[in-house]
Amino acid sequence: MHVDRTGQTAVIFTSFRSGADADGYESAAAEMDALAMVQPGYRGVESTRGADGMGITISYWSDDTAAIAWRDHPDHSAIRERGRAIWYDRYSVTVAHVTRGYGWTRP
């Protein structure tokens, strides 16, 4: 099902896992998902991870202000520091404004 994201802010998080502490990572990821869902301006998330450890998570926000508030949330900041110390070899964040989108579903 296609969700029209036009006008939203997309935060694209591309990461490479270190392979350390898989259980701690899964627990923290679930905690961050639950926390993000109750933040003002949250519009959804899509995520995937390959067998090579590369992951792409795109969170959607009503606007840049909401995305920045999420970035600066104290619990999110604390988990980000744990990620840098333990779970990630590297990551990048790209923030974009969605100007259009479309989808297709097999009938």
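**Sheet, helix packing and selected residues in a predicted model**

Asp-21 is partly exposed, with a relative accessible area of 37% (buried means under 20% relative accessible area, exposed over 50%, and partly exposed in between, with a 1.4 Å probe and protein chains only). This residue is found in the loop between E1 and H1, where helices (H or I, at least four residues) and strands (E, at least two) are DSSP runs numbered from the N terminus. Although Asp-21 is not a glycine, its phi is positive, at about 50°. The model is predicted, so that local features need pLDDT of at least 70 and side-chain atom pairs count only at pLDDT 80 or more, while totals for chains, interfaces and linings use all residues. Residues are numbered from 1 along each chain as its sequence is written, and side-chain values use heavy atoms, with hydrogens and water left out.

Four strands form an open sheet with antiparallel pairing, in the order E2-E3-E1-E4; two strands pair if DSSP finds at least two bridges between them. Strand E2 (42-49) and strand E4 (88-97) are the edge strands, each pairing on one side only, and from one strand to the next the twist averages 15°. Strand E1 (residues 9-17) runs antiparallel to strand E3 (residues 54-61) and is joined to it by eight bridges, whereas E1 and E4 pair in the antiparallel sense over nine bridges. Within this arrangement, Thr-14 stands opposite Ile-56 in E3 and opposite Ser-92 in E4. E1 is mostly covered, with seven of its nine residues buried.

Helix H1 (residues 22-37) lies across E1, E2, E3 and E4 and runs at about 160° to E2; axes are lines fitted to C-alpha atoms, for helices over the stretch in contact, and angles run from 0 to 180 degrees between N-to-C directions. Two packed helices are described by the angle between their axes and the distance between the axes. Helix H2 (residues 64-72) and helix H3 (residues 74-87) pack at an angle of about 60°, with their axes 5 Å apart. That angle makes H2 oblique to H3, given that angles under 35 degrees count as roughly parallel, over 145 as roughly antiparallel, 65 to 115 as roughly perpendicular and the rest as oblique. Trp-70, Arg-71 and Asp-72 of H2 make the contact with Pro-74, His-76, Ser-77 and Arg-80 of H3, contact meaning heavy atoms within 4.5 Å. The residues of this contact divide into two nonpolar, two polar and three charged (Ala, Val, Leu, Ile, Met, Phe, Trp, Tyr, Cys and Pro count as nonpolar, Asp, Glu, Lys and Arg as charged, and the others, Gly among them, as polar).

Two strand residues were examined individually. Thr-9, placed in strand E1, is buried, with a relative accessible area of 5%. Leaving aside neighbours within four places in sequence, Thr-9 is in contact with Ser-59, Tyr-60, Trp-61, Asp-63, Asp-64, Ala-67, Val-95 and Ala-96, and its side chain reaches the backbone nitrogen of Asp-64 at 3.1 Å. Tyr-42, which lies in strand E2, counts as buried at 17% relative accessibility. Not counting residues up to four places away in sequence, Tyr-42 touches Ala-36, Met-37, Tyr-60 and Trp-61. The side chain of Tyr-42 reaches the backbone nitrogen of Val-45 at 3.5 Å, and the C-alpha atoms of Tyr-42 and Ala-69, 27 residues apart along the chain, are separated by 10 Å.

Terms used:
A polar contact is a pair of N or O atoms within 3.5 Å; within protein, one must be able to donate a hydrogen and the other to accept it, and residues adjacent in sequence count only if both atoms are side-chain atoms.
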